[in-house]
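Subject: Structure handover

Hi,

Here is the structure I promised to pass on. Please open it alongside this message.

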Amino acid sequence: MRLIQRDFYLDKLKEVMGTPDIKVITGVRRSGKSKLLESFMAYVMSADENANVIHVNFNLEIYENLMEHHALNQYIENAYVDGKNNYVFIDEVQMCDGFEKAINSLHASEKYDIYITGSNAFLLSSDLATLFTGRTFEIEVYPFSFAEFMQYFELNDPYAAFTRYIQEGGMSGSYLYKTPETKYSYISDVFNTLIVRDIQRKYKIRNMPLMERLCDFLIDNISNLTSTRSVAANFIKEQVVTNDRTISAYIKYLCNAFAFYKVRRYDIQGKRYLASNDKYYLSDHSFKYAKLGTKNADYGRMIENIVAIELLRRGYELYAGVLYKKEIDFVAIKRNEKMYIQVANSVDDPDTFQREIDPLMKIKDNYPKMILARTHQEAYQHEGIQIVDVADWLLQ
């Protein structure tokens, strides 16, 4: 498989190199966490002449004897070299029984710079503070961005490349396969493994048919307003035994494992968060095609999913805006920065353009407002609102 250097994530790791934090690389299954760890390890060995690198990859059978925290701790201590900068890299750390005890002990010794990856269901963002007594720094890895997709395939025409990216997505392991059928088969297997191996095993779920049905429902309704009560009521009407508490718990498990991302609603006028009807986006839009097929493809919603993940990748807090009963696709916030975004497949039709721009024009503050669509032209403004080609924006 051809490898590209993922500078976006490497730069984040470089920034915290040498700090006392436990660096934890998270993200959806097959998003490239292990390759990122290897790439950064290579950087450390080239950049630090005094480095002593201690690497354990639990995917490899040669480390099977270290799958117990005492053995892992002893192996690393034996590999320690006094007078060197000792770096510890552990891939799939959750495969070691009691791994958190070994990591906490190594961290407490203040002798190591520690980097770990692990299965999402067993290394949850919400659990890091509980698992590790030391401070952690989390680097969340997403599937390939559009820019990385273009870099991987050495493409030059962003508009043609974006059409292809909508179809193929960012799960780079699928790029090795030659036909759409084999690509989607790979992607479907990744998603099924995520559900069965990670979530079912972590939460001991017995009603897997309900979980699978819920996944299909959420995939088919990405970007739509969704409430757990309405989902449960809909299933009950179809003679499925469940309740809103179970649906809520299952959705939480799916978000914990980075299968989906929840986006809450935000009342722009009242400046408050709304409690009901969230939106859900897939960690990679190709999961929809792989699971439900490419018939009746709604490019507008697929593009909205791509934009949502890109905003999260860039570090924005993301909300679905509400103003005078009008919906704004995204309110993106980062520190003192805020912007309002509408997403559409095309705004060539005057009625569509007016529908997309009206909610933005009703917002009275001076934060940037934009419409992202496949315009295939340079960005322009209408009444102070930017109209930007989505492919160009993704490459900024």
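Below is what turned up, from the overall fold down to the aromatic rings.

One caution first: this is a predicted model.

Overall fold

The protein has 15 helices and 13 strands. The C-alpha trace spans about 70 × 50 × 50 Å along its principal axes. A compact globule of 396 residues would have a radius of gyration near 21 Å, and the 22 Å found here agrees with that. Of the 396 residues, 53% are buried.

Surface and charge

The protein carries 48 positive and 53 negative charges.

Helix 4

Have a look at helix 4, which covers residues 99-108. Its buried residues are Phe99, Ala102, Ile103, Asn104, Leu106 and His107. What do they pack against? The partners are strand 1 (22-27), strand 3 (85-91) and strand 4 (112-117), along with helix 3 (69-79) and helix 5 (128-131). After helix 4 comes Glu110, with a positive phi near 60°.

Aromatic pairs

The count of aromatic pairs is 29. One of them is Phe40 with Phe89. This pair is edge-to-face, with 6.2 Å from centre to centre and 65° between the planes. Phe40 sits in helix 2 (residues 33-47) and Phe89 in strand 3, so the pair ties together parts 49 residues apart in sequence. Both Phe40 and Phe89 are buried.

Tyr63 and Tyr75 make another pair. Their ring centres are 6.4 Å apart and their planes stand at 80°, so this pair is edge-to-face. Tyr63 lies in the loop between strand 2 (51-57) and helix 3, while Tyr75 is in helix 3 itself, so the pair ties together parts 12 residues apart in sequence.

Are these two tyrosines buried or exposed? Tyr63 counts as buried because its relative accessibility is 13%, under the 20% cut-off. Tyr75 is partly exposed, at 33% relative accessible area.

Aromatic cluster

Finally, one aromatic cluster is formed by Phe144, Phe146, Phe149, Tyr152, Phe153, Phe162, Tyr165 and Tyr175.

Best wishes

Terms used:
Residues are numbered from 1 along each chain as its sequence is written. This is a predicted model: local features need pLDDT of at least 70, side-chain atom pairs count only at pLDDT 80 or more; totals for chains, interfaces and linings use all residues. Side-chain values use heavy atoms; hydrogens and water are left out. Helices (H or I, at least four residues) and strands (E, at least two) are DSSP runs, numbered from the N terminus. The radius of gyration is taken over C-alpha atoms; the globule rule is 2.2 Å times the number of residues to the power 0.38. Buried means under 20% relative accessible area, exposed over 50%, partly exposed in between (1.4 Å probe, protein chains only). Lys and Arg count as positive and Asp and Glu as negative; His and the chain ends are not counted. The place of a charge is taken as NZ of Lys, CZ of Arg, CG of Asp or CD of Glu. Contact means heavy atoms within 4.5 Å. Rings of Phe, Tyr and Trp (its six-membered ring) pair if their centres lie within 6.5 Å; planes under 30 degrees apart count as stacked, over 60 as edge-to-face and the rest as tilted.
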